[in-house]
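Hi,

Here is the structure I promised to pass on. Have a look at it first, and then read my notes below.

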Amino acid sequence: MKSKVANRPPLRTDIWAALHLSSPGTEPHDYTRRQIPFASFQSLADLLITDLDMLGMCLGISAKTLGKRAKSGLFSVRESKRLDVLISVVQSSIELFEGDVLAAAAFLRSPSRAFNLKAPLEMLDARGDARAVIDLIGRLEHGIVV
């Protein structure tokens, strides 16, 4: 399943707004039951300049399940929680690159010595290694070379 590669995304610092989602903690209702629309996932794949299957794999979501979610239009609550984590990582990466979405996307897709030449996106699978990616971004923000 391929994503439509959009024209270069505009430089934005609020990834949540770019994906037409409210950021965590801004809605008064029970945030833990939120289901993210498939359209937001497609927009995220376009923004990261990657295809849907690759992004799904990074989240531990199979191509078959992605097909089902495309038809239903929504991710499950459990899958949405993983997407929220990914979106938070993308937001942190955009902040690291001072709003440059293209640089942030390239960083997330590129092999990193900190992860034995795995890309930060590859660390975000179902094992929940998002903390390691956030820690790497924090070290880079503070000038700690990895």
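By nonpolar core I mean a set of buried Ala, Val, Leu, Ile, Met, Phe, Trp, Tyr and Cys residues joined through side-chain atoms within 4.5 Å. Keep in mind that this is a predicted model.

The largest such core has 38 residues, and I15, F41, L44, L48, L86 and V90 have the most contacts inside it. At least two core residues come from each of helix 1 (15-18), helix 2 (38-47), helix 3 (52-58), helix 5 (77-96), helix 6 (101-109) and helix 7 (130-141). Helix 5 gives the largest share, with seven residues. Take L44 as an example: leaving out residues up to four places away in sequence, L44 touches I15, L19, L55, L83, L86, I87 and V90.

Next, a helix pair. Helix 5 packs against helix 7 at an angle of about 10°, and their axes are 10 Å apart, so the two helices are roughly parallel. On the helix 5 side the contact uses V85, S88, V89, S92, S93 and L96, and helix 7 brings A130, V133, I134, I137, L140 and E141. Sorted by type, the residues of this contact are eight nonpolar, three polar and one charged.

Is P120 buried or exposed? P120 is buried, because its relative accessibility is 0%. The C-alpha atoms of P120 and V89 are 9.3 Å apart, with the two residues 31 apart along the chain.

Cheers

Conventions: Residues are numbered from 1 along each chain as its sequence is written. This is a predicted model: local features need pLDDT of at least 70, side-chain atom pairs count only at pLDDT 80 or more; totals for chains, interfaces and linings use all residues. Side-chain values use heavy atoms; hydrogens and water are left out. Buried means under 20% relative accessible area, exposed over 50%, partly exposed in between (1.4 Å probe, protein chains only). Helices (H or I, at least four residues) and strands (E, at least two) are DSSP runs, numbered from the N terminus. Contact means heavy atoms within 4.5 Å. Axes are lines fitted to C-alpha atoms, for helices over the stretch in contact, and angles run from 0 to 180 degrees between N-to-C directions. Angles under 35 degrees count as roughly parallel, over 145 as roughly antiparallel, 65 to 115 as roughly perpendicular and the rest as oblique. Ala, Val, Leu, Ile, Met, Phe, Trp, Tyr, Cys and Pro count as nonpolar, Asp, Glu, Lys and Arg as charged, and the others, Gly among them, as polar.
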